[in-house]
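Welcome! Take a moment to turn the model around on your screen, and then let us walk through it together.

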Amino acid sequence: MTHAEVLPLEIAAAVIDPKAHADGTRLHDALTWIRANNPLGRAEIEGFDPFWIVSKHADILEVSRQNSLFHSGDRQTTFTSQDGDRKVREMTGGSPHLVRTLVQMDEPDHFKYRAMTQSWFMPQNLKKLEGRIREIARGFVDKMAVAQKDGVAECDFVADVALHYPLHVIMEIMGVPEADEPRMLKLTQELFGASDPDMSREGASPISVDDGVANIQAVIADFFLYFNAITEARRVEPKDDLSSVIANGRIDGEPISAFEAMSYYVIVATAGHDTTSSSTAGAMWALAENPDELAKVKADLSLIPGLVEESIRWTTPVRHFMRSATADTELRGRKISKGDWLLLAYPSGNRDEEVFDEPFAFRVDRAPNKQLAFGYGAHLCLGQHLAKMEMRILWEELLPRLTRLEMAGGPRLSEGMFVNGPKYLPIRYAMN
């Protein structure tokens, strides 16, 4: 290990600090420094196993492409402290994972479990859902219009639209009753916002690692309890919904285990709406602060798919995944040893100056836009086509009716270094 490989402590610490992700500027200042000065640097921080920060777009793709060389499931798939890893292993009897979803799987299991639901998320199947999704989107747009008084209105776009629109879509697909959507939203926020005092289960930042892990385990237990009832119902009486596919799924001719079925529900129910909510809110935030871009896409609605891609790049809701090397190898001239832990820094890849012209500018007509927020390779996000379709439809319904848009206060990002996005977005608007 050479001294040149090790990142300055303050720089490395910003990458794993939830408050830096909520700040935005501090995070991107650190990532910009890393890309320019030590693009594959080693972080050595007390209380954490050493890890490499993969900051460049090309290197993130290279690691993501080589799934047999860089495993997802051998160690924690999301960044955690040594104490956090210890606590999880105590709870699970040795496993580093509280759940076992597609995210934590490697081959051959990953392909088998992904194939169970993949057809549901393919464009040809989603096309039949477009009419219903448009009805849902139009309902939210109509509510925004009705809220106007004297031709103007204000709202928190996150709380009033961005959170609930994709939630309602994925819950319909899963067959979850609308009355249970608030419960699903609350559990999702508690899971992904565990380090944010406004979203965590206890309404405050965990006071210890043990408390934090216990809170997450309790959230997962609540998910499992809820979906266990769904499973029992769908096995007795299957329906044309995704929950029936999971409940009756078979792997190698055998029924899927209860633990893996519950884990499957959790990843679909949470990732199926939370990241879409963040990108949708991120787009509204960017349009409010960039009126020229808003005017551009309003004048040419064919730019809406570009707006969607740029909002995903701009927001990058999933901030990282971890990979571990299965053999000695080399990346960007650095020797990676078997067992080494690598952090794929997606916000950095999506601001890589070698890939994106003016990466800190929001441009609805950016082309090409090689954003990597959905991952790459075998672990490419299963729901990417659904997410893009939901966002496209919402903007197709909203933008033609929007005649005024501006901020009505200071927006705020969540404190989270795994999943992050706007948690408060006050806007003032007018619609026809």
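Predicted model: local features only at pLDDT ≥ 70, side-chain atom pairs only at ≥ 80, totals over all residues.

## A strand and its neighbours

His 320 belongs to strand β7, residues 320–325, which pairs with β10 in the antiparallel sense over 5 bridges. Another residue, Arg 323, stands opposite Leu 342 in β10.

Which strand pairs with β10 in the parallel sense? That is β2, residues 51–54, and the pairing runs over 3 bridges. Here Trp 52 stands opposite Leu 342 of β10.

## The whole sheet

Now step back to see the sheet that these strands belong to. Its 5 strands follow the order β1-β2-β10-β7-β3, and the sheet is open, with mixed pairing. The edges are taken by β1 (40–43) and β3 (70–71); each has a single partner strand, so one side of each is left without a neighbour in the sheet.

## Looking along β10

Is β10 mostly covered or mostly open to the outside? It is mostly covered: 5 of the 5 residues in β10, which spans 341–345, are buried.

## A cavity inside

Searching the whole structure gives 1 cavity of 30 Å³ or more, and the largest cavity has a volume of about 50 Å³. Among the residues that line the largest cavity are His 320, Leu 343 and Ala 345, together with Val 15, Leu 27 and Met 417. Helix α3 (25–37) and strand β10 each supply at least two residues of this lining.

What classes of residue make up the lining of the largest cavity? There are 7 nonpolar, 2 polar and 1 charged residues.

Two or more lining residues come from each of α2 (18–23), α3, α15 (274–289) and α17 (304–315).

Helix α15 gives the largest share of the lining of this second largest pocket, with 4 residues. By class, the lining of the second largest pocket has 7 nonpolar, 8 polar and 4 charged residues.

Most peptide bonds are trans, and most residues other than glycine have a negative phi. Can you find the places that depart from it? The peptide bond from Glu 107 to Pro 108 is cis, with omega near 5°, and Pro 108 sits in the loop between α5 (82–92) and α6 (109–117). Ala 367 and Pro 368 are also joined by a cis peptide bond, with omega about -5°. Pro 368 is in the loop between α18 (346–349) and α19 (384–398).

Two residues other than glycine have a positive phi: Asp 150, near 55°, and Glu 358, about 45°. You will find Asp 150 in the loop between α8 (130–146) and β4 (153–156), where it is exposed because its relative accessible area is 85%. Glu 358 is in the loop between α18 and α19; its relative accessible area is 49%, so it counts as partly exposed.

## The chain as a whole

The C-alpha trace spans about 65 × 55 × 40 Å along its principal axes. Does the radius of gyration agree or disagree with that of a compact globule? For 432 residues such a globule would have a radius of gyration near 22 Å, so the 21 Å of the chain agrees.

How many disulfides are counted? The count is 0. Two cysteines you can look up are Cys 155, which is buried because its relative accessible area is 11%, and Cys 381, which counts as partly exposed because its relative accessibility is 30%.

Conventions
Residues numbered from 1 in each chain as written. Heavy atoms only, no water. Disulfide = S-S within 2.5 Å. Buried < 20%, exposed > 50% of the residue type's maximum accessible area, 1.4 Å probe, protein only. Pairing = 2+ DSSP bridges. 1 Å grid on protein atoms, 1.4 Å probe; cavity = no way out; pocket = protein on both sides within 12 Å on 5 of 7 lines; lining within 4 Å. Points joined across faces, edges and corners; volume = space filled by probe spheres on them. Nonpolar A, V, L, I, M, F, W, Y, C, P; charged D, E, K, R; others polar. Rg over C-alpha atoms; globule rule 2.2 N^0.38 Å.
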